[in-house]
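Work through the exercises below with the sequence and the 3D view open. Each task is followed by a solution in steps.

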Amino acid sequence: CWNQKRSAQAAQLLKFIAQLKQENASPSVLAIGDFNAYTNEAPLRALREGGLQSPLQSATDYSFSYDGRFGSLDHAFVTPELAPRITGVAAWHINADEPNLLDYSESRKKPEESDFYRSSDHDPLLVGLDF
């Protein structure tokens, strides 16, 4: 959607996380998924300015491809209290690198050929935690 709406969603997410922390008496929160914004766009800057940390930050990170261009629309954000428990973060490249011919929305795979490759148009993120 557009930047203003995504920024409003980021503000609501920060409120929701604050509510979760209060209601569950736990300061440890992980927000992960498709934020539909690139790393330096306003919605993600707002999350970082709101106190969340993003352990997956690198110029080579990507989770999505479009017309041969790669970027990250998928992110993991943690509260500062959870950050020390992170053991690793990575994009699992099972979708963005796969050809559109294997697209998940097409019925080109036979049921017996079904696997996790090209199960979406975004790569899932993996977050390791040590409790």
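Two residues are in contact when they have heavy atoms within 4.5 Å of each other. The model is predicted, so local features need pLDDT of at least 70 and side-chain atom pairs count only at pLDDT 80 or more, while totals for chains, interfaces and linings use all residues. Residues are numbered from 1 along each chain as its sequence is written, and side-chain values use heavy atoms, with hydrogens and water left out.

**Exercise 1. Describe the surroundings of Asn95.**

Step 1. Locate the residue. Asn95 sits in the loop between strand 5 (86-91) and strand 6 (125-129). Helices (H or I, at least four residues) and strands (E, at least two) are DSSP runs, numbered from the N terminus.

Step 2. Check its accessibility. Buried means under 20% relative accessible area, exposed means over 50%, and partly exposed lies in between (1.4 Å probe, protein chains only). With a relative accessible area of 1%, Asn95 is buried.

Step 3. List the contacts. Not counting residues up to four places away in sequence, Asn95 touches Phe116, Tyr117, Arg118, Ser119, Ser120, Asp121, His122, Asp123 and Pro124.

Step 4. Look at the polar atoms. A polar atom of the Asn95 side chain lies 3.4 Å from the backbone nitrogen of Ser120.

**Exercise 2. Is Ser63 buried or exposed, and which residues does Ser63 contact?**

Step 1. Ser63 is in the loop between helix 2 and strand 2. Its relative accessibility is 0%, so Ser63 counts as buried.

Step 2. Leaving aside neighbours within four places in sequence, Ser63 is in contact with Gly71, Ser72, Leu73, Asp74, Ala96, Asp121, His122 and Asp123.

Step 3. The side chains of Ser63 and Asp74 make a polar contact (2.5 Å). That term covers a pair of N or O atoms within 3.5 Å; within protein, one must be able to donate a hydrogen and the other to accept it, and residues adjacent in sequence count only if both atoms are side-chain atoms.

**Exercise 3. Which residues form the largest nonpolar core?**

Step 1. A nonpolar core is a set of buried Ala, Val, Leu, Ile, Met, Phe, Trp, Tyr and Cys residues joined through side-chain atoms within 4.5 Å.

Step 2. Name the members. The largest such core has 10 residues: Ala10, Ile17, Val29, Ala31, Phe35, Ala37, Leu44, Leu47, Leu52 and Phe77. Helix 1 (3-23) and helix 2 (42-49) each supply at least two residues of this core.

Step 3. Follow one member. Ile17 touches Val29, Ala31, Leu52 and Thr79, not counting residues up to four places away in sequence.

Step 4. Turn to helix 2, where Pro43, Leu44 and Leu47 are buried. They cover an arc of only 95 degrees around the axis (taken from the directions from the helix axis to the C-beta atoms), which puts them on the same side of helix 2. The buried residues of helix 2 pack against helix 1 and strand 4 (74-78).

**Exercise 4. How many aromatic pairs are there?**

Step 1. Rings of Phe, Tyr and Trp (its six-membered ring) pair if their centres lie within 6.5 Å; planes under 30 degrees apart count as stacked, over 60 as edge-to-face and the rest as tilted.

Step 2. The count comes to two aromatic pairs. Phe35 and Phe77 form an edge-to-face pair, 5.4 Å centre to centre with 70 degrees between the planes. This pair links distant parts of the chain, with Phe35 in the loop between strand 1 and helix 2 and Phe77 in strand 4, 42 residues apart.

Step 3. The ring centres of Tyr62 and Phe70 are 4.8 Å apart and their planes are at 70 degrees, so this pair is edge-to-face.
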